[in-house]
Amino acid sequence: MQSKKLKIYNTLSRTKEIFEPISPPNVGMYVCGPTVYGDAHLGHARAAVSFDIVFRYLRFLDYKVRYVRNITDVGHLEADADEGEDKIAKKAKLEQLEPMEVAQQYASSYHRDMELLNTIRPSIEPRATGHIPEQIKLIDEIIANGLAYVVNGSVYFDVLKYNKEEKQYGILSGRVVDELMSGSRELDGQSEKKNPVDFALWKKASPEHLMRWESKWSVGFPGWHLECTAMSSKYLGDKFDIHGGGMDLMFPHHECEIAQSNASHHTDPAKYWMHNNMITINGQKMGKSLGNFITLQQLFHGDHEKLEQAYSPMTVRYFILTAHYRSTLDFSNQALQAAQKGYKKLINGLRITSQLKYEADPEVLVDENNVAQIEKSIAAAFDAMNDDFNTAQAIGHLFNLLKKINSLYTGQLHSAQLGRDVYDKLIQTFNVFIKEILGLIEEKGDNQDELLKVIIDLYSNAKSARDYQKVDEIRAALKGVGVIIKDMKNSVDWAYEE
């Protein structure tokens with residue numbers, strides 16, 4: 001089915017590159033996960049779904065993928081800076097809980113929401129607090145290589161020395177150290193750092209700081225950037241295939257990861273860097289720090305002033321997939337309502353494929369035009385995925401396949417007109433894309449199929465008895481819960497209302 005090789009847009013080179021793993025068929029992928037101090041919102045969903053697609057498609061291509069996604073439960077200070085309160089500790093004070101209670105509570109709610117979105121759990125999900133010894137060892141290596149210094153019990157990465165002796169700082173984001181320095185001059189004299197661009201590897205804890213560990217430098221805690229370098233190298237090696245995360249992490253977080261890896265292991269951590277773009281509301285990034293976010297639970301229940309209705313997890317997943325992961329995706333009720341219709345159309349198509357059967361008929365000639373259209377759409381869907389995981393384009397080609405499936409269902413197209421091979425390829429491709437690659441599932445209530453069968457039987461009996469009042473009542477009742485009855489030539493069926 002694959003007509004082209006997979007290409008990935010590499011942020012590091014700013015070009016699409018043919019994907020060539022370091023040790024095929026094995027692929028190592030590290031993705032920056034959540035800082036667990038609040039409920040997951042639509043922005044978190046976009047990152048999780050985007051890299052779930054990468055994980056799914058690589059596995060579909062028969063790669064053996066080790067997918068590592070961390071949980072940040074210490075060291076992430078307010079404003080992503082080296083000063084201020086730990087985000088989790090601050091939440092713990094507000095809720096009068098231990099920091100680890102907060103971390104556990106929101107890690108659990110994150111997992112619940114990701115499961116509802118049908119994202120596959122990563123192969124390994126390490127936590128920052130579970131890897132303090134590895135982070136301390138990493139700091140030792142950087143100090144031994146002369147690229148970090150100790151001040152008053154804190155340890156800082158020497159960016160200017162690294163930039164001069166090891167590698168360009170800013171290679172990922174395109175930032176220039178001299179410009180960063182000139183833009184930070186107002187901090188001179190107000191910090192214990194040698195230079196304002198330096199960043200913390202270890203921070204001495206103030207007396208009121210709740211999260212603290214023993215080290216040779218002080219009782220303190222690791223810098224935010226350190227955990228990902230320590231954990232990615234532990235589980236994937238010093239050099240691995242893909243590092244992913246949100247575009248907002250490119251600088252300083254990922255830039256610092258590259259610096260730490262080169263300063264300790266003398267190598268870039270990842271061969272390919274992938275960044276998903278933002279969810280926006282009225283053109284502004286959605287985020288907890290900006291206070292303009294909508295949590296996933298609010299979306300699922302319609303419990304937010306910006307929401308006109310509730311949107312199911314699969315509607316939200318489909319909404320995310322309708323844009324390329326590197327494009328911005330703007331929230332609106334109209335866009336989500338369109339996604340709801342699109343999702344239901346695909347799921348109705350999925351239901352139809354389970355009912356269709358190939359019927360051989362020697363008197364029916366193969367329709368070469370329809371065959372060519374189906375072959376073209378199948379190839380185009382895979383080409384879209386091979387072009388940097390373009391789910392938006394792939395979905396467009398799936399709708400072309402859906403037209404053929406609907407024609408088979410209504411009898412406008414005879415299965416024999418496609419020939420057995422093309423018919424099987426059509427059904428298989430549609431199912432594989434919806435279920436395995438895009439990860440969309442049918443959202444059913446308890447005993448839904450059995451209940452609908454009973455209602456359809458009642459409808460059919462009323463229709464046979466010409467009890468048209470009862471027929472209309474059943475139709476209206478089902479429509480009220482999003483189901484429509486379809487009177488077929490020789491049977492009665494149902495579909496989700498689109």
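Reply: Start with a term. A residue is buried when its relative accessible area is under 20%, exposed when over 50%, and partly exposed in between (1.4 Å probe, protein chains only). Next, the ground rules. This is a predicted model, in which local features need pLDDT of at least 70, side-chain atom pairs count only at pLDDT 80 or more, and totals for chains, interfaces and linings use all residues. Residues are numbered from 1 along each chain as its sequence is written, and side-chain values use heavy atoms, with hydrogens and water left out.

Now the pairs. Side chains of opposite charge can pair when their charged atoms come close. A salt bridge here is a side-chain nitrogen of Lys or Arg within 4 Å of a carboxyl oxygen of Asp or Glu. The count comes to 24 salt bridges.

Take K16 and D387. Their closest N and O atoms are 2.7 Å apart, and they form a salt bridge. K16 sits in strand 2 (residues 15-18), D387 in the loop between helix 12 (368-386) and helix 13 (391-410), so this pair ties together parts 371 residues apart in sequence. Helices (H or I, at least four residues) and strands (E, at least two) are DSSP runs, numbered from the N terminus. K16 is partly exposed, at 39% relative accessible area. D387 is partly exposed too, at 27%.

Turn to D82 and K193. This salt bridge has its closest N and O atoms 2.9 Å apart. D82 is in the loop between strand 4 (64-69) and helix 2 (87-95), and K193 is in the loop between helix 6 (177-182) and strand 7 (199-204), so the pair ties together parts 111 residues apart in sequence. D82 counts as buried, at 14% relative accessibility. K193 is buried as well, with a relative accessible area of 18%.

K167 and D268 come next. Their side chains meet in a salt bridge, 2.8 Å from N to O. K167 lies in the loop between helix 5 (159-165) and helix 6, D268 in the loop between helix 8 (250-265) and strand 10 (270-276), and the two are 101 residues apart.

D52, R56 and R317 are linked in a network of them.

Two packed helices are described by the angle between their axes and the distance between the axes. Helix 1 (residues 42-60) and helix 12 pack at about 120 degrees, with axes 11 Å apart. Axes are lines fitted to C-alpha atoms, for helices over the stretch in contact, and angles run from 0 to 180 degrees between N-to-C directions. I53, Y57 and F60 of helix 1 make the contact with F382, M385 and N386 of helix 12. Contact means heavy atoms within 4.5 Å.

Last, a histidine. H225 lies in the loop between strand 8 (220-222) and helix 7 (226-236). H225 is buried, at 4% relative accessibility. Setting aside neighbours within four places in sequence, H225 is in contact with F199, P252, H253, C256, E257 and Q260.
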